[in-house]
Amino acid sequence: VKADTNGVLINSATPEKTDEEEKEDKAAQPSLNKLIRSNLVDTTNQVEILQRDPDSLLYFVKSFEELRLIPQLLQGVCAMGFNQPSKIQESALPMMLAEPPQKLIAQSQSGTGKTAAFFLAMLSLVEPVDTFLQCLCLSPTYKLALQTRKVIEQNGKFYPELKLAYGVRGNNLERGHKIGEQIVIGTPGTMVDWCSKLKFIKPKKIKVFVLDEADVMIATQGHQDQSIRIQRMLPRNCQMLLFSATFEDSVWKFAQKVVPDPNIIKLKREEETLDTIKQYYVLCTNRDEKFQALCNLYGAITIAQAMIFCHGKEKVLVTTNVCARGIDVEQLSVVINFDLPVDKDGNPDNETYLHRIGRTGHFGKRGLAVNMVDSMNILNRIQEHFNKKIERLDTDTDDLDEIE
Ligand code: ADP
């Protein structure tokens, strides 16, 4: 992402990216998002909950006190500046802390408090007097494992009896070593070795198993199988929890293998954002015209902050989708698709379109999205997909006063 002096965020992707590069991007995404974001993404959207046992009562908590967290953890929550549970935490935490333990698959965009939800559950469920591994958290990347550990340490600083270990590449333990820490944050490959070949861990004693960033996990070769291998070594009554920012079919299939008979929590986001965004298109015959239309737009309307998405070839620009999915820029008022998002076969990439324009119109504020198109084909398919009309805008005329 490059910011020019006018506060314009220009964000671009090379269309020639290989599958490998896509996967690397995807794996780097959560870490980047977490580095960039230090605040909770506020959302008013609905949570959708599917309970395995429809007769059991559904709880929502409006405060951390209601969860009856042990004082050390409540102190940690306060010190982190968490005043009240986030949308996903309201329903996920009571479910995770219920008796008997509930299995859970939870999906909501990054930054909505999933990590905090599961680390609070993990810290609540471990027995500090037992010095063996009770909670295993699988992270898809080394970096993410480090970050997760860091936040758990911050939150658990008033609970010094709890000990954490890293199960990542490079943490070479001596033969015969037994993990005495109650919590391990690790990556799948290393964890398979620790549980089977090296026997540092007795998987049958694990009470809570968390799989974080499932969508990123399956994008990395081998991680899916390794995760399932670990899952199979766990005792039947182990509490299994899986979190993901997105939920395409492949993630869902994987999730059900890792968490059989789950409760499911999903945070809706799509439909709402589109309603508050006014979408336009500008017909241009070539890139020069697109550029001219962009200049006209800038000349005519007051743009507080904008993001411009295009198929840029310049290597200095960072990828599109990191921004499209991860960063929430509250002030963003205009999103410009200099090029519409398409997949490698040239079909419209509806999901990315949604993520891009979803950057604007947050918190019920009105947003504006302008698409520069040289043919109607892709645009029509996008309109059809979302069942939303995208109006034509003529940047050479007075139309622009109207959108202001
Ligand atoms: P996710 O795992 O969904 O990406 P995180 O749990 O990392 O989200 O939370 C995103 C940010 O919001 C973090 O900086 C975290 O400290 C903060 N956060 C999480 N829960 C709360 C809360 N209840 N109140 C305030 N901030 C929170």
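Me: How much helix and strand does the chain have over residues 62-90, and how far apart are the end C-alpha atoms?

Reply: Over residues 62-90 the chain is 45% helix and 0% strand, with 6 Å between the end C-alpha atoms. Helices (H or I, at least four residues) and strands (E, at least two) are DSSP runs numbered from the N terminus. This is a predicted model, in which local features need pLDDT of at least 70 and side-chain atom pairs count only at pLDDT 80 or more, while totals for chains, interfaces and linings use all residues. Residues are numbered from 1 along each chain as its sequence is written.

Me: Why is H3 called roughly parallel to H4?

Reply: The axes of helix H3 (residues 87-96) and helix H4 (residues 114-125) come within 10 Å and cross at roughly 20°, where axes are lines fitted to C-alpha atoms (for helices over the stretch in contact) and angles run from 0 to 180 degrees between N-to-C directions. Angles under 35 degrees count as roughly parallel, over 145 as roughly antiparallel, 65 to 115 as roughly perpendicular and the rest as oblique, so H3 is roughly parallel to H4.

Me: Which residues make the contact of H3 with H4, and how do they divide by class?

Reply: Ile 88, Gln 89, Ala 92, Leu 93 and Met 96 of H3 meet Lys 114, Ala 116, Ala 117, Leu 120 and Ala 121 of H4, contact requiring C-beta atoms, placed from the backbone, within 7 Å. They divide into 8 nonpolar, 1 polar and 1 charged.

Me: What is known of the packing of H6 and H8, and is their crossing left-handed or right-handed?

Reply: Helix H6 (residues 188-195) and helix H8 (residues 223-233) pack at about 35°, with axes 9 Å apart. Their crossing is left-handed, a term for a near helix turned anticlockwise from the far one by less than a right angle. Among the residues that meet are Met 191 and Val 192 in H6 and Ile 230 and Met 233 in H8, and the whole contact has 6 nonpolar, 4 polar and 1 charged residues.

Me: What makes E3 and E6 the edges of the sheet?

Reply: The 8 strands form an open sheet of mixed pairing in the order E3-E10-E4-E9-E8-E5-E7-E6. Strand E3 (47-50) and strand E6 (164-167) each have a single partner strand, so one side of each is left without a neighbour in the sheet. The twist averages 15° from one strand to the next.

Me: How do you know that E4 and E9 pair?

Reply: Pairing requires at least two bridges found by DSSP, and strand E4 (residues 104-107) and strand E9 (residues 239-244) have 4, in the parallel sense, so they qualify as a pair. Ala 106 stands opposite Phe 243 in E9.

Me: What makes Pro 100 and Arg 68 worth a look?

Reply: Most residues other than glycine have a negative phi, and most peptide bonds are trans. Glu 99 and Pro 100, however, are joined by a cis peptide bond with omega about -10°, and Pro 100 is in the loop between H3 and E4. Arg 68, in the loop between E3 and helix H2 (71-79), has a positive phi of about 55° although it is not a glycine.

Methods
Contact = placed C-beta atoms within 7 Å. Nonpolar A, V, L, I, M, F, W, Y, C, P; charged D, E, K, R; others polar.
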